[in-house]
Amino acid sequence: MKLHLLVASFLAASVAFAGAASAESILRIKPSGDVKALDPMLGSDSMARNYGYMVYDTLFALDADLKIQPQMVEKWATSSDGKIYTFTLRDGLKFSDGAPITAKDVISSLKRWSVNDSLGQQMMTNGATFVEVDNRTFTLSLSKPWGLVLDALGKAGAPVPFIMPARVADATPPTTPVTDYTGSGPFMFLAKEWVPGAKLAFVRNPNYTPRAEPASGLAGGKTAKMDRVEWVIIPDQQTALDALGKGEIDINEDLSADLIPLAKETKGVTVAKQDDIGVAQQIRLNTIKPPFNNVKIREALLYAVNGDDFLAAVISDPSLGKACKSFYTCSSPYHTEAGFPSPDLETAKKMVAESGYDGTPAVLLDATENANIHAFVTVADQLLQEIGIKTKVEAMDWATVTSRRASKEPVDAGGWSIFISGPGGLDFLEPVGHLGLRSNCEKAWFGWPCDADIEAMRASFADLTNLDERKALAEKIQLRALQTVPYIPIATQYQIRTYRNDLSGLLTPPAPVYWNVERK
Amino acid sequence: MLTFVCRRLLSTIPVMLFIALFVFSLLYLAPGDPAALIAGDQASQTEIDAIRVTLGLDQPFYIRFVGWLGHALRGDLGISIFSQLPVTTLIGQRLEPTLSLMLLTVIISVCIAVPMGVLAAANQGRWIDRAVMAIAVFGFSVPVFVVGYLLSWVFAIRLNLLPVQGYTPLAEGFAPFLANLILPAIALSCVYIALIARITRTSMIDVLSQDYIRTARAKGLGQGPVLFIHALKNASVPIVTVIGIGIALLIGGAVVTETVFAIPGVGRLVVDAILRRDYPVIQGVVLLFSVAYVLINLAIDLLYTVLDPRVRY
């Protein structure tokens with residue numbers, strides 16, 4: 001009897017605790033990863049970018065149709081020669097500490113951002129100078145017209161040009177994370193509650209003024225409808241799904257593909273795509289060392305790789321991935337399959353045989369803790385062997401891959417031949433910001449493809465403003481890339497979001513955001 | 001006694017230095033670059049190099065080690081490469097969940113394992129003994145994460161009695177604190193119960209064959225007082241030793257348990273730090289674990305004098 005009473009009181013206390021905690025509206029999210037450094041301008045870490053969208057706002061933003069819309073900007077104008085942009089901020093904008101957001105803050109933030117961002121760097125290369133006109137107005141002057149100014153200021157791929165106070169941006173070098181988290185966005189970060197690797201908490205920013213328009217993608221009215229948002233880092237996917245099923249969390253940002261069938265059977269839970277852009281799964285080749293310094297072998301891989309085979313190794317639901325044969329992600333306005341060969345293993349074998357392949361084994365870096373990468377490496381390994389290329393798979397963790405891929409040594413001296421990665425599709429939408437197509441030799445992404453034609457075409461893309469002209473040039477770049485083969489696209493794979501059915505207002509932009517979300 | 005304690009504490013200094021040097025060397029030799037992880041996938045080598053310089057990761061081994069050691073001797077374990085927070089702060093944030101988990105595990109384990117071992121010894125060769133030994137083999141054989149998932153499925157999912165994951169600090173109430181910790185503690189206890197039960201049984205069997213036990217029984221003492229008052233105290237030295245040694249087992253188990261139950265403890269802190277190559281955090285946590293282990297063993301050595309008056313230092 002006594003034991004019974006004890007258990008009853010214990011459970012009653014637990015329920016009372018849960019009741020007390022629910023007085024405030026709280027949204028609990030298991031993010032797709034952990035935020036490594038709380039500075040979205042430091043590099044291209046997507047989790048830092050997602051954190052940035054909670055805490056900071058941007059001058060421009062992509063709407064649901066991936067069109068650039070003004071965000072913090074009220075109006076802007078371009079000079080007739082296209083070299084001077086004048087921006088006026090919305091009236092009444094404030095930082096989370098209540099201080100007004102001024103043109104000086106914007107200029108300092110953009111200068112800091114431009115150091116680490118490829119579009120920012122290009123803008124500065126075009127002689128960009130900023131001048132403060134008054135508290136709400138500033139100009140951006142360029143030495144020659146550059147068609148990507150708004151694309152750069154409204155970009156959603158990390159690092160995003162978020163606006164922070166000038167005192168923070170000026171005092172913190174672009175290689176050092178900021179330690180003052182005063183923001184310009186719809187939520188405020190609670191630094192005191194931060195447990196790195198475990199929990200981040202945010203509350204509604206009372207000083208934020210949303211735009212009047214309805215929320216659309218990353219643009220429009222960013223109204224924080226929940227009092228508090230918590231990011232709960234749950235390292236184990238099964239535990240996260242169980243917690244979602246029990247309502248201990250409301251959203252799981254990135255469900256492991258093997259748990260999708262189980263998630264679909266979980267009561268009260270919806271399974272959906274995170275967004276329509278997805279990640280650009282690809283085989284990255286070391287183009288400067290044997291065997292893939294031989295362009296004929298790289299070309300053979302274009303014939304060998306069938307994206308559907310790779311996707312079948314990780315997902316059973318075909319709607320969660322698409323093997324679109326293009327260097328641009330499936331949802332890109334520049335997506336084209338022009339010139340892409342259909343998979344043909346026999347042709348691939350023949351090409352390898354005719355390539356003069358010297359038998360150097362291809363070293364595949366296998367980040368085994370990532371189930372997706374590990375599966376893709378396994379498929380790639382088998383495929384390479386089938387077309388006559390010797391292989392050596394080296395198991396390691398992702399951290400080791402990130403340092404090993406920087407090696408330019410031959411494969412028998414610690415080098416590498418292939419790593420598989422799935423960067424955000426945002427970085428593969430158009431040629432200028434395209435991570436994989438960059439062919440500026442040592443400055444290019446790991447693998448260091450080198451081609452002056454591609455670089456010249458990428459540079460001239462920025463000068464075009466007409467969409468049809470841009471599409472035509474994007475196609476020309478793809479056709480040239482099919483000759484140089486900087487990497488092999490596998491497929492676009494979508495991140496899977498699972499969430500409680502009682503939520504409404506979830507948006508599906510290319511970065512997960514939590515304004516506009518409320519409980520029904 | 002005081003001399004013994006001082007001598008033991010002083011002898012830990014070279015041990016700590018060796019551990020620090022060993023861990024530092026391992027980390028230095030291990031591949032992986034935190035700067036590359038901070039910079040993200042899009043970063044060029046130039047950007048990564050710039051971050052390396054800012055973080056001081058381009059410095060030679062000896063400069064980094066001496067610098068770290070100098071700070072460590074002053075109680076400063078450095079700054080996390082990723083969070084830019086002091087390592088002592090990070091460990092401080094994570095200490096309560098891990099200590100709570102370990103303490104509850106020890107309490108559960110001792111409360112279950114010691115009576116189990118005593119019962120097995122008292123019934124040597126009978127079905128109770130065999131059942132206890134079967135349970136011990138099960139505890140040793142089944143991985144902690146399997147037990148964890150099983151408990152979670154039964155008590156959290158099917159019966160809906162307890163939460164699946166997370167941690168509630170003690171300051172927010174004992175009931176939610178216990179609700180979050182009870183399943184992980186039971187999961188972690190399994191192997192510990194097996195270990196303690198087996199050593200208790202062996203030690204008790206040895207003691208129960210002694211003359212003074214026969215004398216106690218001849219004087220008419222019941223089974224309970226003979227087992228738990230006369231025998232157990234004299235059998236407790238090896239039991240206490242195993243409890244102390246088993247702390248290392250608990251530390252390893254806590255890493256897995258904290259992951260399965262999403263408890264923000266020191267175990268998860270060090271796993272995350274290893275995956276990211278957050279060197280100061282790894283060094284700080286390993287040093288902490290080493291100090292804890294040395295101090296626990298010292299405490300056990302001192303406990304011997306209480307349990308066995310013949311032991312003198």
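This report describes the interface between chain B and chain A in a predicted model, and then one annotated region of chain A.

**The interface**

At this interface, 52 residues of chain A are in contact with 50 residues of chain B. The two chains bury about 4,100 Å² between them, and carbon and sulfur atoms carry 57% of that area.

| Item across the interface of chain B and chain A | Value |
|---|---|
| Salt bridges | 2 salt bridges |
| Polar contacts (both residues at pLDDT 80 or more) | 14 residue pairs |

One salt bridge joins B:Arg276 to A:Asp34, with 2.2 Å between the closest N and O atoms. The limit for a salt bridge is 4 Å between a side-chain nitrogen of Lys or Arg and a carboxyl oxygen of Asp or Glu, so the B:Arg276 and A:Asp34 pair qualifies.

**The chain B side**

On chain B, the elements that each give two or more residues to the side touching chain A are α2 (34-39), α3 (45-55), α5 (87-122), α7 (144-158), α8 (174-208), α10 (223-260) and α11 (266-276). Of these, α3(B) gives the most, with 6 residues. Sorted by class, the side of chain B that touches chain A has 27 nonpolar, 14 polar and 9 charged residues.

**An annotated region of chain A**

An unreviewed UniProt entry lists residues 67-424 of chain A as "domain: Solute-binding protein family".

Key: Residues numbered from 1 in each chain as written. Chains lettered and ligands numbered in written order. Predicted model: local features only at pLDDT ≥ 70, side-chain atom pairs only at ≥ 80, totals over all residues. Heavy atoms only, no water. Contact = heavy atoms within 4.5 Å. Buried area = accessible area lost by both parts, 1.4 Å probe. Polar contact = N/O pair within 3.5 Å; in protein donor to acceptor, adjacent residues only side chain to side chain. Helix = DSSP H or I, 4+ residues; strand = E, 2+ residues; numbered from the N terminus. Nonpolar A, V, L, I, M, F, W, Y, C, P; charged D, E, K, R; others polar. UniProt positions renumbered as here; feature names shortened; annotations may be inferred.
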